[in-house]
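Here is a friendly briefing to read with the model open beside you.

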Amino acid sequence: MKNNANSTGYTKIRRSGQLSAIRVKPAAGNPRRGWLTAGPLTIPVALGRGGILANKREGDGGTPRGSFRPRQLWWRGDRHSRPRTFLPARIITGADAWCEDPGDRHYNQWIRRGSEQDGDRLKRADHLYDFIIEIDHNTRPRIAGRGSAVFLHLARDNFGPTAGCVSMTKSAMLRLLRRLGPRTRIIIG
């Protein structure tokens with residue numbers, strides 16, 4: 001199969017079973033909610049409190065508009081078995097964090113932190129980060145202040161807005177992971 005959309009607008013699936021692309025669009029009338037379409041699957045998602053933004057900035061609460069690739073899956077091995085996916089996968093530990101400080105040389109990168117150090121902790125008491133799909137937003141080049149820690153992760157029970165990520169239910173995440181690979185494009189907007 002080719003890697004393009006057919007006449008119905010759905011993205012064709014690669015022979016390997018990986019999706020060539022998924023699309024995230026805002027919901028009509030509510031910029032904090034949206035729809036993710038992955039082949040024939042369409043699921044509701046929560047977006048950033050600032051909606052989808054073309055000019056993403058650190059702390060604006062916006063979900064970045066653009067085309068991205070998934071880099072890897074992070075998951076809570078103490079809560080779940082490893083899900084099926086074509087993505088590289090890594091278990092989250094208590095020291096795993098994400099640098100959100102634009103002045104730090106590790107900005108928008110995974111870091112190891114002690115219990116007293118700053119950083120967006122990946123191992124959380126709630127279940128929002130039980131599964132995290134890391135994407136390549138603001139990675140090459142990394143530009144200070146252009147946004148960090150933009151992931152696909154699990155949604156709050158009420159689908160409340162995120163700080164800029166795309167979130168979904170656990171069942172939707174597991175279905176999506178089965179078809180997601182490093183070459184899948186994630187098109188937001």
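R76 is buried, at a relative accessible area of 5% (buried is under 20% relative accessible area, exposed is over 50%, and partly exposed lies in between, with a 1.4 Å probe and protein chains only). This is a predicted model, where local features need pLDDT of at least 70 and side-chain atom pairs count only at pLDDT 80 or more, while totals for chains, interfaces and linings use all residues. Residues are numbered from 1 along each chain as its sequence is written, and side-chain values use heavy atoms, with hydrogens and water left out.

**Salt bridges**

- The count comes to 8 salt bridges, a salt bridge being a side-chain nitrogen of Lys or Arg within 4 Å of a carboxyl oxygen of Asp or Glu.
- R76 pairs with D78 in one of them, and their closest N and O atoms are 2.8 Å apart.
- D96 and R112 form another, with 3.8 Å between the closest N and O atoms.
- That pair links distant parts of the chain, 16 residues apart: D96 belongs to strand β9 (residues 96-98) and R112 to strand β10 (residues 110-112). Strands (E, at least two residues) and helices (H or I, at least four) are DSSP runs, numbered from the N terminus.
- D96 is buried at 1% relative accessibility, whereas R112 is partly exposed at 48%.

**Strands**

- Strands β10, β9 and β11 form an open sheet of 3 strands in the order β10-β9-β11, with antiparallel pairing; two strands pair if DSSP finds at least two bridges between them.
- Its edge strands are β10 and β11 (120-121), each of which pairs on one side only.
- Antiparallel β9 and β11 are joined by 2 bridges, and W98 has D120 in β11 as its bridge partner.
- Strand β15 (residues 185-188) pairs in the parallel sense with strand β1 (residues 21-27) over 4 bridges; A21 has R185 of β15 as its bridge partner.
- Strand β6 (residues 66-68) pairs with β15 in the antiparallel sense over 3 bridges, and G66 stands opposite I188.

**Helix α1**

- In helix α1 (residues 170-177), the buried residues include A172, M173, L176 and L177.
- These residues lie on the same side of α1, because they cover an arc of only 130° around the axis. The arc is that of the directions from the helix axis to the C-beta atoms.

**Pockets**

- The largest pocket holds about 270 Å³ of space. On a 1 Å grid over the protein atoms alone, a pocket is an open set of points where a 1.4 Å probe fits, with protein on both sides within 12 Å along at least five of seven lines; lining residues have an atom within 4 Å of a point. Points are joined across faces, edges and corners, and the volume is the space filled by probe spheres set on them.
- Its lining has 21 residues, with E100, A149, A163, G164 and C165 nearest the centre.
- By class, that lining has 6 nonpolar, 7 polar and 8 charged residues. Ala, Val, Leu, Ile, Met, Phe, Trp, Tyr, Cys and Pro count as nonpolar, Asp, Glu, Lys and Arg as charged, and the others, Gly among them, as polar.
- The second largest pocket has a volume of about 180 Å³. Among its 14 lining residues, F68, H137, N138, I143 and R146 are the closest to its centre.
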